[in-house]
Amino acid sequence: MGQRADGPDRAHRRPEGVSDATVEALGKLSEALECVERARGHLYELHQLIGHADLMLDDAVEMFRAAGHPALAERIDRELLGRNVIAGRWTFQIVEDFDDGYYALFRELDRQARDELVEGRRHLYEAEMKERRRSRGMPGHEARPGTR
């Protein structure tokens, strides 16, 4: 199969004999992984925000002490500062468990599906959608970089 002058590169064309149903299923798996990637970003955001809030508690404790509220300062220092966000875990532990468990398996299965079904090619569903939606010959609608 030769390189098409006005179409996707080889890495974004489906291999011979691959069905529409397979490309659609791979596209749905990829879309699901993209959602998980976004969720992972939010998990890291949670990790950083909680960490920052915990560090800010140092200042709040000192400010309450300076303002004459030592009992409140002591309770925040003892009960809240450095507290686990869920049973037995700080957010870094949640992130590590997520990355090493659910996320790692999701990525492994995505790669396995692509390797077994389409020679490891990525985004075939999107590449075919691009071909259906672009206006051939129009600036900004090229199939790939460097083609006009």
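Which element gives the most residues to the lining of the largest pocket? The legends below answer this question and describe further close-up views.

**Figure 1. Overall fold of the predicted model.** This is a predicted model, in which local features need pLDDT of at least 70 and side-chain atom pairs count only at pLDDT 80 or more, while totals for chains, interfaces and linings use all residues. Residues are numbered from 1 along each chain as its sequence is written, and side-chain values use heavy atoms, with hydrogens and water left out. The chain has 4 helices and 0 strands, in the order α-α-α-α along the sequence. Helices (H or I, at least four residues) and strands (E, at least two) are DSSP runs, numbered from the N terminus. The radius of gyration of the chain, taken over C-alpha atoms, is 25 Å. This value is well over the 15 Å that the globule rule gives for 148 residues, so the chain is more spread out than a compact globule; the rule is 2.2 Å times the number of residues to the power 0.38. Along the principal axes, the C-alpha atoms fill a box of roughly 80 × 35 × 20 Å.

**Figure 2. The largest pocket.** The volume of the largest pocket is about 340 Å³. Among its 17 lining residues, S30, L33, D110, R114 and R122 are the closest to the centre. Two or more lining residues come from each of α1 (20-66), α3 (91-118) and α4 (124-133). It is α1 that gives the most to this lining, with 6 residues. By class, the lining has 6 nonpolar, 3 polar and 8 charged residues. Here Ala, Val, Leu, Ile, Met, Phe, Trp, Tyr, Cys and Pro count as nonpolar, Asp, Glu, Lys and Arg as charged, and the others, Gly among them, as polar. A pocket is an open set of points on a 1 Å grid over the protein atoms alone where a 1.4 Å probe fits, with protein on both sides within 12 Å along at least five of seven lines; lining residues have an atom within 4 Å of a point. Grid points are joined across faces, edges and corners, and a volume is the space filled by probe spheres set on the points.

**Figure 3. The second largest pocket.** This pocket has a volume of about 240 Å³. Its lining consists of 14 residues, and I50, G51, D54, R83 and V85 lie nearest its centre. At least two lining residues are supplied by each of α1 and α3, and α1 gives the most, with 6 residues. The lining divides into 7 nonpolar, 5 polar and 2 charged residues.

Figure 4. L81 is placed in the loop between α2 (70-80) and α3. With 24% relative accessibility, L81 counts as partly exposed (buried means under 20% relative accessible area, exposed over 50%, partly exposed in between, with a 1.4 Å probe and protein chains only). Residues up to four places away in sequence aside, L81 touches D54, L57, D58 and I76, where contact means heavy atoms within 4.5 Å.

**Figure 5. Aromatic pairs.** The structure holds 4 aromatic pairs. W90 and F92 form an edge-to-face pair, at 6.4 Å centre to centre and 80 degrees between the planes. The rings of F98 and Y103 have centres 6.0 Å apart and planes at 20 degrees, so this pair is stacked. Rings of Phe, Tyr and Trp (its six-membered ring) pair if their centres lie within 6.5 Å; planes under 30 degrees apart count as stacked, over 60 as edge-to-face and the rest as tilted.
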